[in-house]
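Biologist: Please take a close look at how charged side chains pair up in this model. Keep it simple, and show me where the partners sit.

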Amino acid sequence: MSDFQTWYKQVPPFTRIWLTATVGISLLAKIGILPVGYLILQQAPLFYKLQLWRPMTAVLFYPLNPGTGFHFMMNCFFLYNYSLRLESDHYKQKPGDYFYMLFFNWILCVIVGLLVDLPILMDPMVLSVLYVWCKLNQDVIVSFWFGMRFKAMYLPWVLLGMNMILSAGSIFSLVGIFVGHAYYFLKFSYPSELGGPSLIETPFFIKRYFPDVQGGTHGFGVPPIYAIDARNHGDSPHTDEHSYDHMVEDLVQLYQTLGIQQASIIGHSMGGRAMMLLALKYPQLVEKAVIVDISPSPGLGTSNTNIPLFLQSMKMIQISSDATIHQARKIADEQLSRIVAEKPLRDFLITNLVKAEKEGGDFRWRINLQSLERNFNSGVAQFPNLTGHKFEGPTLFIAGGRSDYVKSKDVPLIKKLFPNSEITYVKDAGHWVHSEKSTEFAKLVLNFLNE
(Lines give C-alpha, C1' and ligand atoms only; values in the text may rest on other atoms or scores of the structure.)
Protein backbone atom coordinates (compact mmCIF):
# COMPACT_ATOMS: atom_id res chain seq x y z
CA MET A 1 0.00 0.00 0.00
CA SER A 2 1.41 3.42 -0.98
CA ASP A 3 1.95 6.26 1.47
CA PHE A 4 -0.93 8.14 -0.13
CA GLN A 5 -3.32 5.21 0.31
CA THR A 6 -2.25 4.82 3.91
CA TRP A 7 -2.80 8.53 4.61
CA TYR A 8 -6.10 8.61 2.72
CA LYS A 9 -7.59 5.68 4.66
CA GLN A 10 -6.60 7.29 7.96
CA VAL A 11 -8.60 10.45 7.25
CA PRO A 12 -11.92 10.31 9.18
CA PRO A 13 -14.80 9.28 6.88
CA PHE A 14 -16.85 12.49 6.67
CA THR A 15 -13.77 14.65 6.17
CA ARG A 16 -12.47 12.21 3.54
CA ILE A 17 -15.75 12.21 1.61
CA TRP A 18 -16.12 15.99 1.79
CA LEU A 19 -12.54 16.69 0.66
CA THR A 20 -12.66 14.07 -2.10
CA ALA A 21 -15.97 15.37 -3.47
CA THR A 22 -14.75 18.97 -3.38
CA VAL A 23 -11.51 18.25 -5.24
CA GLY A 24 -13.17 15.83 -7.66
CA ILE A 25 -16.11 18.04 -8.68
CA SER A 26 -13.93 21.14 -8.98
CA LEU A 27 -11.39 19.34 -11.20
CA LEU A 28 -14.12 17.78 -13.37
CA ALA A 29 -15.60 21.23 -13.89
CA LYS A 30 -12.15 22.63 -14.66
CA ILE A 31 -11.59 20.16 -17.53
CA GLY A 32 -15.12 20.67 -18.87
CA ILE A 33 -16.71 17.33 -17.96
CA LEU A 34 -19.17 19.01 -15.57
CA PRO A 35 -20.85 22.23 -16.79
CA VAL A 36 -20.19 25.05 -14.33
CA GLY A 37 -23.61 26.58 -14.94
CA TYR A 38 -25.28 23.50 -13.46
CA LEU A 39 -23.17 23.42 -10.29
CA ILE A 40 -23.84 26.82 -8.76
CA LEU A 41 -26.75 27.87 -6.53
CA GLN A 42 -29.49 29.72 -8.41
CA GLN A 43 -33.09 30.16 -7.35
CA ALA A 44 -34.84 29.82 -10.72
CA PRO A 45 -33.32 26.47 -11.81
CA LEU A 46 -33.62 25.11 -8.26
CA PHE A 47 -37.29 25.93 -7.69
CA TYR A 48 -38.76 26.09 -11.20
CA LYS A 49 -36.74 23.38 -12.93
CA LEU A 50 -36.27 21.27 -9.77
CA GLN A 51 -32.51 20.97 -10.24
CA LEU A 52 -32.24 19.68 -6.69
CA TRP A 53 -28.54 18.87 -6.80
CA ARG A 54 -27.53 22.53 -6.85
CA PRO A 55 -27.55 23.09 -3.04
CA MET A 56 -25.04 20.25 -2.70
CA THR A 57 -22.80 21.05 -5.66
CA ALA A 58 -22.72 24.74 -4.67
CA VAL A 59 -20.95 23.69 -1.44
CA LEU A 60 -18.57 21.24 -3.14
CA PHE A 61 -17.68 23.15 -6.32
CA TYR A 62 -15.13 25.96 -6.63
CA PRO A 63 -14.16 27.54 -9.98
CA LEU A 64 -10.51 26.90 -10.78
CA ASN A 65 -8.44 29.38 -12.77
CA PRO A 66 -5.07 31.11 -12.34
CA GLY A 67 -6.65 33.75 -10.11
CA THR A 68 -8.54 31.34 -7.78
CA GLY A 69 -6.25 28.33 -7.55
CA PHE A 70 -4.38 29.51 -4.46
CA HIS A 71 -7.61 30.40 -2.65
CA PHE A 72 -9.02 26.97 -3.50
CA MET A 73 -5.92 25.27 -2.08
CA MET A 74 -6.21 27.31 1.13
CA ASN A 75 -9.86 26.32 1.43
CA CYS A 76 -8.93 22.66 1.02
CA PHE A 77 -6.20 23.09 3.63
CA PHE A 78 -8.65 24.58 6.14
CA LEU A 79 -11.31 21.98 5.27
CA TYR A 80 -8.90 19.12 5.84
CA ASN A 81 -7.29 20.46 9.00
CA TYR A 82 -10.31 21.69 10.93
CA SER A 83 -12.87 19.14 9.79
CA LEU A 84 -10.37 16.41 10.64
CA ARG A 85 -9.72 17.92 14.07
CA LEU A 86 -13.41 18.20 14.89
CA GLU A 87 -14.27 14.73 13.61
CA SER A 88 -11.33 12.96 15.26
CA ASP A 89 -11.33 14.93 18.51
CA HIS A 90 -14.53 16.58 19.78
CA TYR A 91 -16.89 14.35 17.76
CA LYS A 92 -14.67 11.26 17.83
CA GLN A 93 -17.22 9.22 19.79
CA LYS A 94 -20.28 10.86 18.23
CA PRO A 95 -20.07 10.53 14.44
CA GLY A 96 -23.82 11.10 14.13
CA ASP A 97 -23.50 14.47 15.87
CA TYR A 98 -20.71 15.51 13.52
CA PHE A 99 -22.73 14.49 10.48
CA TYR A 100 -25.69 16.47 11.81
CA MET A 101 -23.46 19.52 12.40
CA LEU A 102 -22.36 19.35 8.75
CA PHE A 103 -25.98 18.94 7.68
CA PHE A 104 -27.15 21.91 9.81
CA ASN A 105 -24.35 24.17 8.54
CA TRP A 106 -25.00 23.13 4.95
CA ILE A 107 -28.74 23.84 5.16
CA LEU A 108 -28.13 27.25 6.77
CA CYS A 109 -25.47 28.12 4.17
CA VAL A 110 -27.94 27.26 1.40
CA ILE A 111 -30.73 29.33 2.98
CA VAL A 112 -28.50 32.37 3.43
CA GLY A 113 -26.98 31.82 -0.03
CA LEU A 114 -30.44 31.93 -1.60
CA LEU A 115 -31.38 35.05 0.37
CA VAL A 116 -28.27 37.07 -0.52
CA ASP A 117 -27.64 35.48 -3.92
CA LEU A 118 -24.39 33.59 -3.29
CA PRO A 119 -23.82 31.07 -6.11
CA ILE A 120 -20.79 29.33 -4.55
CA LEU A 121 -20.82 28.17 -0.94
CA MET A 122 -17.48 26.46 -0.40
CA ASP A 123 -16.03 29.43 1.52
CA PRO A 124 -18.86 29.84 4.06
CA MET A 125 -19.22 26.08 4.60
CA VAL A 126 -15.50 25.61 5.31
CA LEU A 127 -15.35 28.69 7.53
CA SER A 128 -18.44 27.61 9.48
CA VAL A 129 -16.69 24.35 10.45
CA LEU A 130 -13.45 26.19 11.25
CA TYR A 131 -15.45 28.61 13.42
CA VAL A 132 -17.00 25.79 15.47
CA TRP A 133 -13.54 24.29 16.10
CA CYS A 134 -12.19 27.69 17.12
CA LYS A 135 -15.05 28.25 19.59
CA LEU A 136 -14.53 24.82 21.12
CA ASN A 137 -10.77 25.46 21.41
CA GLN A 138 -10.75 29.18 22.09
CA ASP A 139 -7.51 29.32 24.07
CA VAL A 140 -5.47 27.02 21.83
CA ILE A 141 -2.61 28.88 20.16
CA VAL A 142 -2.68 28.60 16.35
CA SER A 143 0.00 29.56 13.85
CA PHE A 144 -0.72 31.72 10.81
CA TRP A 145 1.18 33.38 8.01
CA PHE A 146 4.53 35.11 8.59
CA GLY A 147 4.99 33.40 11.94
CA MET A 148 1.95 35.03 13.58
CA ARG A 149 0.60 33.14 16.60
CA PHE A 150 -2.63 33.92 18.43
CA LYS A 151 -5.56 32.25 20.20
CA ALA A 152 -7.92 30.19 18.07
CA MET A 153 -10.87 32.44 18.95
CA TYR A 154 -9.39 35.15 16.70
CA LEU A 155 -8.70 32.97 13.64
CA PRO A 156 -12.10 33.41 11.88
CA TRP A 157 -11.79 37.18 12.21
CA VAL A 158 -8.22 37.16 10.94
CA LEU A 159 -9.41 35.22 7.88
CA LEU A 160 -12.23 37.71 7.40
CA GLY A 161 -9.70 40.55 7.46
CA MET A 162 -7.42 38.76 5.01
CA ASN A 163 -10.30 38.21 2.60
CA MET A 164 -11.28 41.86 2.82
CA ILE A 165 -7.72 42.87 1.93
CA LEU A 166 -6.87 40.27 -0.71
CA SER A 167 -10.22 39.68 -2.38
CA ALA A 168 -13.84 40.75 -2.53
CA GLY A 169 -14.92 37.67 -0.60
CA SER A 170 -15.74 39.20 2.77
CA ILE A 171 -19.46 38.41 2.39
CA PHE A 172 -18.59 34.70 2.10
CA SER A 173 -16.54 34.89 5.30
CA LEU A 174 -19.31 36.75 7.14
CA VAL A 175 -21.83 34.11 6.13
CA GLY A 176 -19.50 31.35 7.32
CA ILE A 177 -19.00 33.06 10.69
CA PHE A 178 -22.75 33.57 11.03
CA VAL A 179 -23.53 29.92 10.24
CA GLY A 180 -20.81 28.59 12.56
CA HIS A 181 -21.92 30.87 15.38
CA ALA A 182 -25.57 29.87 14.92
CA TYR A 183 -24.67 26.21 15.37
CA TYR A 184 -22.35 26.86 18.31
CA PHE A 185 -24.89 29.05 20.10
CA LEU A 186 -27.83 26.69 19.65
CA LYS A 187 -25.84 23.54 20.43
CA PHE A 188 -23.51 24.70 23.21
CA SER A 189 -23.87 28.32 24.41
CA TYR A 190 -27.62 28.48 25.00
CA PRO A 191 -27.79 25.26 27.08
CA SER A 192 -24.57 25.73 29.09
CA GLU A 193 -24.33 29.50 29.54
CA LEU A 194 -27.98 30.58 29.54
CA GLY A 195 -29.49 27.49 31.11
CA GLY A 196 -31.82 26.72 28.22
CA PRO A 197 -32.49 23.40 26.51
CA SER A 198 -30.24 22.13 23.75
CA LEU A 199 -31.92 23.37 20.58
CA ILE A 200 -29.99 21.10 18.23
CA GLU A 201 -30.39 17.39 18.88
CA THR A 202 -29.28 14.77 16.39
CA PRO A 203 -32.35 12.87 15.10
CA PHE A 204 -32.77 9.22 16.02
CA PHE A 205 -32.47 7.88 12.48
CA ILE A 206 -29.04 9.52 12.10
CA LYS A 207 -27.89 8.06 15.42
CA ARG A 208 -29.06 4.69 14.20
CA TYR A 209 -26.85 4.82 11.12
CA PHE A 210 -23.97 6.60 12.88
CA PRO A 211 -24.21 5.38 16.50
CA ASP A 212 -22.25 6.86 19.38
CA VAL A 213 -19.10 5.01 20.38
CA GLN A 214 -18.01 4.90 23.99
CA GLY A 215 -14.27 4.65 24.50
CA GLY A 216 -12.14 4.59 21.40
CA THR A 217 -8.90 5.25 23.32
CA HIS A 218 -5.64 4.39 21.64
CA GLY A 219 -2.02 5.38 21.45
CA PHE A 220 0.84 5.19 18.97
CA GLY A 221 1.00 1.68 17.55
CA VAL A 222 -1.96 0.53 19.68
CA PRO A 223 -5.29 -0.32 17.98
CA PRO A 224 -8.28 1.71 19.22
CA ILE A 225 -10.58 0.16 21.81
CA TYR A 226 -14.30 0.88 21.49
CA ALA A 227 -16.77 0.28 24.32
CA ILE A 228 -20.13 0.11 22.58
CA ASP A 229 -23.58 0.72 24.01
CA ALA A 230 -26.06 -1.77 22.54
CA ARG A 231 -29.37 -0.39 21.31
CA ASN A 232 -31.71 0.44 24.20
CA HIS A 233 -28.66 0.83 26.47
CA GLY A 234 -26.57 3.81 27.54
CA ASP A 235 -26.45 6.64 25.00
CA SER A 236 -27.46 4.49 22.03
CA PRO A 237 -30.91 5.00 20.48
CA HIS A 238 -34.01 3.52 22.12
CA THR A 239 -36.10 1.39 19.77
CA ASP A 240 -39.19 -0.80 19.96
CA GLU A 241 -37.29 -3.66 18.30
CA HIS A 242 -34.68 -5.55 20.29
CA SER A 243 -33.21 -8.83 19.09
CA TYR A 244 -29.79 -10.31 18.46
CA ASP A 245 -30.26 -9.92 14.71
CA HIS A 246 -30.94 -6.20 15.19
CA MET A 247 -27.88 -5.82 17.40
CA VAL A 248 -25.65 -7.60 14.90
CA GLU A 249 -26.79 -5.32 12.08
CA ASP A 250 -26.04 -2.34 14.35
CA LEU A 251 -22.52 -3.72 14.81
CA VAL A 252 -22.02 -4.23 11.08
CA GLN A 253 -23.11 -0.64 10.48
CA LEU A 254 -20.64 0.51 13.13
CA TYR A 255 -17.82 -1.41 11.43
CA GLN A 256 -18.66 0.38 8.18
CA THR A 257 -18.92 3.80 9.83
CA LEU A 258 -15.54 3.47 11.54
CA GLY A 259 -13.88 1.83 8.55
CA ILE A 260 -13.02 -1.32 10.55
CA GLN A 261 -12.17 -4.38 8.45
CA GLN A 262 -11.59 -6.86 11.28
CA ALA A 263 -11.49 -6.64 15.08
CA SER A 264 -11.30 -8.68 18.25
CA ILE A 265 -14.61 -8.55 20.09
CA ILE A 266 -15.80 -9.06 23.66
CA GLY A 267 -19.29 -9.20 25.08
CA HIS A 268 -21.01 -10.12 28.34
CA SER A 269 -24.39 -11.85 28.74
CA MET A 270 -26.72 -10.34 26.10
CA GLY A 271 -23.73 -8.55 24.58
CA GLY A 272 -21.90 -11.86 24.49
CA ARG A 273 -24.68 -13.44 22.47
CA ALA A 274 -24.70 -10.48 20.09
CA MET A 275 -20.95 -10.93 19.58
CA MET A 276 -21.38 -14.71 19.08
CA LEU A 277 -23.97 -14.07 16.39
CA LEU A 278 -21.73 -11.47 14.74
CA ALA A 279 -18.86 -14.00 14.60
CA LEU A 280 -21.14 -16.74 13.23
CA LYS A 281 -22.85 -14.59 10.58
CA TYR A 282 -19.87 -12.40 9.63
CA PRO A 283 -16.73 -14.41 10.51
CA GLN A 284 -14.62 -12.22 8.21
CA LEU A 285 -15.17 -9.28 10.60
CA VAL A 286 -13.86 -11.05 13.71
CA GLU A 287 -10.24 -11.86 14.55
CA LYS A 288 -10.76 -13.19 18.09
CA ALA A 289 -13.84 -13.40 20.32
CA VAL A 290 -14.21 -13.26 24.11
CA ILE A 291 -17.64 -14.34 25.37
CA VAL A 292 -18.39 -13.68 29.04
CA ASP A 293 -20.76 -15.89 31.07
CA ILE A 294 -23.22 -16.81 28.37
CA SER A 295 -23.68 -19.73 26.00
CA PRO A 296 -25.47 -20.23 22.67
CA SER A 297 -27.83 -22.77 24.22
CA PRO A 298 -31.54 -21.86 24.44
CA GLY A 299 -32.67 -20.01 27.54
CA LEU A 300 -30.67 -18.30 30.28
CA GLY A 301 -29.22 -19.16 33.65
CA THR A 302 -31.18 -18.18 36.72
CA SER A 303 -28.80 -17.95 39.69
CA ASN A 304 -29.23 -14.55 41.35
CA THR A 305 -30.04 -12.96 38.01
CA ASN A 306 -33.80 -12.78 37.53
CA ILE A 307 -33.48 -10.10 34.87
CA PRO A 308 -37.22 -9.60 34.18
CA LEU A 309 -37.74 -9.02 37.91
CA PHE A 310 -34.86 -6.54 37.95
CA LEU A 311 -36.43 -4.62 35.05
CA GLN A 312 -39.82 -4.52 36.77
CA SER A 313 -38.23 -3.34 40.03
CA MET A 314 -36.33 -0.55 38.28
CA LYS A 315 -39.56 0.66 36.62
CA MET A 316 -41.26 0.92 40.02
CA ILE A 317 -38.66 3.17 41.65
CA GLN A 318 -40.02 6.64 42.45
CA ILE A 319 -37.63 9.58 42.97
CA SER A 320 -38.47 13.27 43.31
CA SER A 321 -36.96 15.56 40.67
CA ASP A 322 -35.72 17.79 43.52
CA ALA A 323 -33.22 15.14 44.66
CA THR A 324 -29.55 15.31 43.73
CA ILE A 325 -28.04 12.47 41.75
CA HIS A 326 -26.30 11.23 44.92
CA GLN A 327 -29.58 11.25 46.86
CA ALA A 328 -31.41 9.59 43.95
CA ARG A 329 -28.95 6.71 43.75
CA LYS A 330 -29.16 6.19 47.49
CA ILE A 331 -32.98 6.03 47.28
CA ALA A 332 -32.78 3.65 44.30
CA ASP A 333 -30.34 1.44 46.21
CA GLU A 334 -32.69 1.26 49.20
CA GLN A 335 -35.68 0.34 47.03
CA LEU A 336 -33.77 -2.19 44.92
CA SER A 337 -32.35 -3.88 48.04
CA ARG A 338 -35.77 -5.45 48.62
CA ILE A 339 -35.32 -7.43 45.40
CA VAL A 340 -31.58 -7.51 44.71
CA ALA A 341 -29.58 -8.73 47.68
CA GLU A 342 -26.09 -8.29 46.20
CA LYS A 343 -24.73 -4.77 46.73
CA PRO A 344 -22.25 -4.89 43.78
CA LEU A 345 -25.10 -5.88 41.47
CA ARG A 346 -27.30 -3.02 42.74
CA ASP A 347 -24.43 -0.58 42.24
CA PHE A 348 -24.04 -1.85 38.69
CA LEU A 349 -27.75 -1.38 37.92
CA ILE A 350 -27.85 2.08 39.51
CA THR A 351 -25.13 3.39 37.19
CA ASN A 352 -27.95 3.57 34.61
CA LEU A 353 -29.86 6.16 36.66
CA VAL A 354 -29.45 9.70 35.28
CA LYS A 355 -31.16 13.05 35.63
CA ALA A 356 -32.82 14.24 32.42
CA GLU A 357 -31.87 17.73 31.26
CA LYS A 358 -35.31 18.10 29.72
CA GLU A 359 -38.75 17.00 30.90
CA GLY A 360 -38.56 18.94 34.16
CA GLY A 361 -35.30 17.38 35.29
CA ASP A 362 -36.90 14.05 36.20
CA PHE A 363 -34.77 10.99 36.83
CA ARG A 364 -34.77 8.29 34.19
CA TRP A 365 -33.01 5.06 33.31
CA ARG A 366 -30.58 5.12 30.42
CA ILE A 367 -31.71 1.64 29.43
CA ASN A 368 -35.06 1.25 27.68
CA LEU A 369 -36.85 -0.78 30.36
CA GLN A 370 -40.11 -1.10 28.42
CA SER A 371 -38.51 -2.44 25.24
CA LEU A 372 -36.17 -4.80 27.09
CA GLU A 373 -38.98 -6.21 29.20
CA ARG A 374 -41.31 -6.60 26.20
CA ASN A 375 -38.66 -8.31 24.05
CA PHE A 376 -36.95 -10.30 26.78
CA ASN A 377 -38.43 -13.75 26.19
CA SER A 378 -38.33 -13.60 22.39
CA GLY A 379 -35.35 -11.31 21.74
CA VAL A 380 -32.95 -11.83 24.67
CA ALA A 381 -33.59 -15.17 26.37
CA GLN A 382 -33.42 -17.17 23.13
CA PHE A 383 -30.40 -17.45 20.85
CA PRO A 384 -31.05 -17.90 17.10
CA ASN A 385 -30.67 -21.41 15.68
CA LEU A 386 -27.83 -21.20 13.17
CA THR A 387 -27.52 -24.68 11.70
CA GLY A 388 -24.47 -24.94 9.47
CA HIS A 389 -22.74 -21.83 10.79
CA LYS A 390 -19.48 -21.90 12.71
CA PHE A 391 -16.71 -19.50 13.70
CA GLU A 392 -13.29 -21.08 13.47
CA GLY A 393 -11.30 -18.20 14.89
CA PRO A 394 -9.82 -18.23 18.43
CA THR A 395 -12.61 -17.88 21.01
CA LEU A 396 -12.45 -17.65 24.80
CA PHE A 397 -15.52 -18.33 26.95
CA ILE A 398 -15.13 -16.92 30.48
CA ALA A 399 -17.76 -18.17 32.94
CA GLY A 400 -18.44 -17.45 36.60
CA GLY A 401 -17.80 -20.36 38.92
CA ARG A 402 -21.00 -19.58 40.85
CA SER A 403 -23.06 -18.85 37.74
CA ASP A 404 -25.21 -21.31 35.81
CA TYR A 405 -25.21 -19.38 32.54
CA VAL A 406 -22.59 -21.74 31.05
CA LYS A 407 -23.44 -25.33 32.00
CA SER A 408 -21.53 -28.52 31.25
CA LYS A 409 -24.35 -29.60 28.92
CA ASP A 410 -23.71 -26.44 26.83
CA VAL A 411 -20.14 -27.48 25.96
CA PRO A 412 -20.98 -29.71 22.92
CA LEU A 413 -22.93 -26.89 21.24
CA ILE A 414 -20.17 -24.38 22.06
CA LYS A 415 -17.57 -26.67 20.49
CA LYS A 416 -19.78 -27.27 17.46
CA LEU A 417 -20.29 -23.56 16.74
CA PHE A 418 -16.84 -22.45 17.94
CA PRO A 419 -14.47 -25.38 17.29
CA ASN A 420 -11.37 -23.32 18.17
CA SER A 421 -12.67 -22.32 21.62
CA GLU A 422 -11.65 -22.78 25.23
CA ILE A 423 -13.81 -22.39 28.34
CA THR A 424 -12.46 -20.98 31.59
CA TYR A 425 -14.34 -20.72 34.89
CA VAL A 426 -13.45 -17.97 37.35
CA LYS A 427 -13.67 -19.29 40.89
CA ASP A 428 -16.20 -17.61 43.25
CA ALA A 429 -17.51 -15.31 40.50
CA GLY A 430 -21.18 -14.94 39.64
CA HIS A 431 -22.77 -13.76 36.41
CA TRP A 432 -21.02 -10.35 36.51
CA VAL A 433 -17.54 -11.87 36.29
CA HIS A 434 -15.85 -8.69 35.05
CA SER A 435 -17.00 -6.62 38.04
CA GLU A 436 -16.81 -9.30 40.77
CA LYS A 437 -13.34 -10.58 39.82
CA SER A 438 -11.97 -7.75 37.72
CA THR A 439 -8.27 -8.54 38.20
CA GLU A 440 -8.57 -12.20 37.24
CA PHE A 441 -10.88 -11.30 34.37
CA ALA A 442 -8.53 -8.67 32.93
CA LYS A 443 -5.58 -11.07 33.12
CA LEU A 444 -7.48 -13.78 31.22
CA VAL A 445 -8.59 -11.39 28.48
CA LEU A 446 -5.20 -9.73 27.99
CA ASN A 447 -3.34 -13.05 27.90
CA PHE A 448 -5.78 -14.37 25.30
CA LEU A 449 -5.66 -11.27 23.08
CA ASN A 450 -1.87 -11.02 23.25
CA GLU A 451 -1.24 -14.65 22.28
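Modeller: Start with the term: a salt bridge is a side-chain nitrogen of Lys or Arg within 4 Å of a carboxyl oxygen of Asp or Glu. The structure holds 9 salt bridges. This is a predicted model, so local features need pLDDT of at least 70 and side-chain atom pairs 80 or more, while totals for chains, interfaces and linings use all residues. Residues are numbered from 1 along each chain as its sequence is written, and side-chain values use heavy atoms, without hydrogens or water.

Look at Asp97 and Lys207. They form a salt bridge, and their closest N and O atoms are 3.0 Å apart. Asp97 sits in helix H6, and Lys207 sits in helix H10 (residues 204–209). Helices (H or I, at least four residues) and strands (E, at least two) are DSSP runs, numbered from the N terminus. The two partners are 110 residues apart, so this pair links distant parts of the chain. Asp97 and Lys207 are both buried. Buried means under 20% relative accessible area, exposed means over 50%, and partly exposed is in between (1.4 Å probe, protein chains only).

Now turn to Asp139 and Lys151. Their side chains meet in a salt bridge, at 3.6 Å from N to O. Asp139 lies in the loop between H7 and strand E1 (141–143), and Lys151 lies in strand E2 (residues 149–151). So this pair ties together parts that are 12 residues apart in sequence. Asp139 has a relative accessible area of 54%, so it is exposed. Lys151 has 35%, so it is partly exposed.

Next, find Arg231 and Asp250. Their salt bridge spans 2.7 Å, N to O. Arg231 is in the loop between E4 and H11, and Asp250 is in helix H11. The pair therefore ties together parts 19 residues apart in sequence. Arg231 has a relative accessible area of 5%, so it counts as buried. Pro237 is found in the loop between strand E4 (225–227) and helix H11 (244–258). At 16% relative accessibility, Pro237 counts as buried. Its C-alpha atom is separated by 9.7 Å from that of Ile206, a residue 31 places away along the chain.

Some partners join a group. Asp245, Glu249 and Lys281 are linked in a network of salt bridges.

Arg273, in helix H12 (residues 270–281), is buried yet has no salt bridge. The nearest side chain of opposite charge is Asp410, 7.2 Å away. For charge, Lys and Arg count as positive and Asp and Glu as negative; His and the chain ends are not counted.

Finally, go back to H6, the helix that holds Asp97. The largest nonpolar core has 66 residues, and Trp18 and Met101 touch the most other members. Such a core is a set of buried Ala, Val, Leu, Ile, Met, Phe, Trp, Tyr and Cys residues joined through side-chain atoms within 4.5 Å. Elements that give two or more residues to this core include helix H2 (13–30), helix H5 (69–90), helix H6 (95–116) and H7. H6 gives the most, with 11 residues. H7 is mostly covered too, with 13 of its 15 residues buried.
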